[in-house]
Amino acid sequence: RGVPYQTVTLIHQSMVKRLPEHVQVDDPAVVKRLAKKLERQQIPLRSDYGYKVSLFSHLHQYSRKAPLTQLLSIPSTVIHPSIVRLGLQYSQGIVAGSNARSVALLHAFKQVIRDYTTPPNEELSRDLVNKLKPYISFLNQCRPLSASMGNAIKYIKKEISNIPSQCKEEEAKTKLLTCIDRYIEEKIVLAAKAISKYAIEKISDGDVILVYGYSSLVNNILCEAFEKSRKFRVIVVDSRPRLEGREALRRLVQRGISCTYVLISALSYILPEVSKVFLGAHALLANGYVMSRVGTSQIALVARTYNVPVLVCCETYKFCERVQTDSFVSNELDDPDDLMVTRKGKTQLENWQDVSSLGLLNLVYDVTPPDFVDLVITDLGMIPCTSVPVVLRVKNLDQ
Amino acid sequence: MPGADKEADLTERIEAFLADLKRGGCGTGPIRGSGETARETTALLRKVTAQARWSSAGDLMEIIRKEGRRMTAAQPSETTVGNMVLRVLKIIREEYARSRGSSEETDQQESLHKLLTSGGLSDENFRQHYVHLKANVIEAINELLTELEGTTDNIAMQALEHIHSNEVIMTVGRSRTVEAFLKDAARKRKFHVIVAECAPFCQGHEMATNLSKASIETTVIADAAIFAVMSRVNKVIIGTQTVLANGGLRAVNGTHTVALAARHHSTPLIVCAPMFKLSPQFPNEEDTFHKFVSPHEVLPFTEGEILSKVNVHCPVFDYVPPELITLFISNIGGNAPSYIYRLMSELYHPEDHDL
């Protein structure tokens, strides 16, 4: 009788969820509510930039040239300086990538906890959580939170709320710091080792492996496989405007792995040579869709046409309870000016703002349907895409 | 001597054309569009017909074949040159047959029926001299030139039959034919165009600027977002560099991805290609199909330290198989890819397929 009862209550809990504000930009009531909340928390509101394509009027579109920190007064009394620095690093793209952002966030929170003192007549477990709320709003304004960051924040809040009230402040702080360290160690570092171990089984000698953009996890796997003397070569596919693949290329070449580099438009040319495709993920959604850097779904599609196996590598802390079927309802719009390019001294789109019927769209994420993905390699093992809700349920039961 | 002058002038023209061809299609976006190339080739062939010394149709065909071989060798990827040579050869055959008095039909292709009834190869060596052959051939070439000049307009005129209002149309890179097509439809209907920029040359940017100047709602997306936005697209309209004999395409790189994404979402793929792009070649994947340009477009020299350790590829063309194409729109109307073989047999004679 125990298990079915629990399942029902779990489902009920997950249905009571509010839609995040950053995907409701077209609703003026929500925008007003957000502005009021930010005013209360003394955080500046970031304004949208440029003409937004009508399909995406429900999302924010910010310019990199106008970071939120310009609107802050110095010194800022509300926001901790390491959070301000982190926000700036996010919005300028200095810290990018799911794992990097989560680790940076956790380190910044560690600093916040170290500098925290409980005010008199307050309990640490409640006050610290309230202190973190404006920081999270601020970071959200700088750049929308990723799924991994969301899960990390949930974990920290839970740990803070579980601090017993009779715990002394120093003890509580050390406990929290060790919790965070353990989270990073378990969910990111050790998970990467476990995933590498499983993935290396899938790499055989003579393989030609295709990777897309820069995924720290996939890079890790390839370097480890190379250490274990597997003979393979890598094809790095890259895309404008971010050109993250160049970073991956540099790191792989430094290790001595033989690499080829192409842009995503040359995919059909290069795929007949490929034996496997390794992709990283930003999040794995509960309906089996893989949310990853824009272009990943294209690679999976063309690989499926050429019958090349597609393997997605993802840690379990990136698993998300959200469901999504297309890349429109929940996405991130990057600075549209990034699409401009100067070739032979001419920038075609230089005055795109002046032309009223011209819009530039710079998407950051897209979703890959599960039928394009053959295998997901996680720290719990190798599972098919559709087993994500099973893993989520197991994790919820553990907690 | 006037004769020698004219010959020298002719060879000079041909040499200039060949040199231009060698430089022209260098892949950073054609300096001349394929329409212009076709017109210049035909004009040059008309000049050859007018000024070279020949007495019978067979001689003329030999001269044209020789020049044609040189021209195609100068820039093998520019197939319109070869196509025009084949058209002119077909014109010469037709005019010769008409002068001889036999109807065109009997001299058409080898058919099984003909093989059985005539018993042996037809003895056609084009050696007879006809007085009016030269004038007829030049007149027919002039008609061909008029046809070439009107192709873009002919295709653009069909635009309203294919685009309804409030559609979302996707296109890749830059094609003058598609641009004219969309601008013509925009005069009467309101629709939205999404242009994939087509790295590394980013010709999509120019296309988007031109379209938006004609007050068409345009959005530029990166190549990586093609599949992501395809679910909202109603039609995909693209141009191509060449239409191959099996109905497939040799188009700018990235087109195959667009075609696959369109098939996944069951979106019709329409190709706007004038008839002079139809080539009797079949897709031979290995050596002759692909053309590459300098990889510094992909990985610039500023990435110095790793350049020597990395292979970089920058292919220009993509092969799109005929199963992914829904419709061809050409200056003679709309056709399914399965009909291309028939159009080819009307345009070119099978014996000329290998120049």
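Me: How much area is buried between chain A and chain B?
Reply: Happy to start there, with the reminder that this is a predicted model. The contact draws on 49 residues of chain A and 51 residues of chain B. Carbon and sulfur atoms give 62% of the buried area. The total buried between the two chains is about 4400 Å².

Me: Which three residues supply more than any other three of the area that chain A buries against chain B?
Reply: Together the trio accounts for 15% of what chain A buries against chain B.

Me: Which residue of chain A forms a salt bridge with B:Glu197?
Reply: Side chains of opposite charge can pair when their charged atoms come close. Across the interface of chain A and chain B, the rule finds three salt bridges. In the one made by B:Glu197, the closest N and O atoms are 2.8 Å apart, inside the 4 Å cut-off. The partner is A:Arg240.

Me: Which residues of chain B does a cis peptide bond join, with omega about -5°?
Reply: Look in the loop between strand E2 (192-196) and helix H9 (203-213) of chain B, where B:Pro200 is found. The bond joins B:Ala199 and B:Pro200.

Me: How many residues apart are A:Asp374 and A:Arg304?
Reply: These two form a salt bridge, with the closest N and O atoms 3.0 Å apart. A:Asp374 is in the loop between strand E11 (365-368) and strand E12 (375-378) of chain A, while A:Arg304 belongs to helix H11 (residues 296-305) of chain A. The pair thus links distant parts of the chain, 70 residues apart.

Me: Is H2(B) parallel or oblique to H4(B)?
Reply: Helix H2 (residues 34-51) and helix H4 (residues 79-100) of chain B pack with their axes 9 Å apart, at an angle of about 40°. Because of that angle, H2(B) counts as oblique to H4(B). The contact includes B:Ala38 and B:Leu45 of H2(B) and B:Met84 and B:Val88 of H4(B), and by class it has six nonpolar, five polar and no charged residues. So the word you want is oblique.

Me: How many charged residues are in the contact of H8(A) with H9(A)?
Reply: Helix H8 (residues 216-227) of chain A and H9(A) pack at about 10°, with their axes 11 Å apart, and therefore H8(A) is roughly parallel to H9(A). Among the residues in contact are A:Glu227 of H8(A) and A:Arg251 and A:Arg255 of H9(A). The contact divides into five nonpolar residues, one polar and, to answer you, three charged.

Me: Is H4(A) roughly parallel or roughly antiparallel to H7(A)?
Reply: The axes of H4(A) and helix H7 (residues 169-201) of chain A come within 10 Å and cross at roughly 170°. Residues that meet include A:Val103 and A:Leu106 in H4(A) and A:Leu177 and A:Ile184 in H7(A). Because of the crossing angle, H4(A) is roughly antiparallel to H7(A).

Technical notes. Residues numbered from 1 in each chain as written. Chains lettered and ligands numbered in written order. Predicted model: local features only at pLDDT ≥ 70, side-chain atom pairs only at ≥ 80, totals over all residues. Heavy atoms only, no water. Axes fitted to C-alpha atoms, helices over the stretch in contact; angles between N-to-C directions. Helix = DSSP H or I, 4+ residues; strand = E, 2+ residues; numbered from the N terminus. Parallel < 35°, antiparallel > 145°, perpendicular 65-115°, else oblique. Contact = heavy atoms within 4.5 Å. Nonpolar A, V, L, I, M, F, W, Y, C, P; charged D, E, K, R; others polar. Buried area = accessible area lost by both parts, 1.4 Å probe. Salt bridge = Lys/Arg side-chain N within 4 Å of Asp/Glu carboxyl O.
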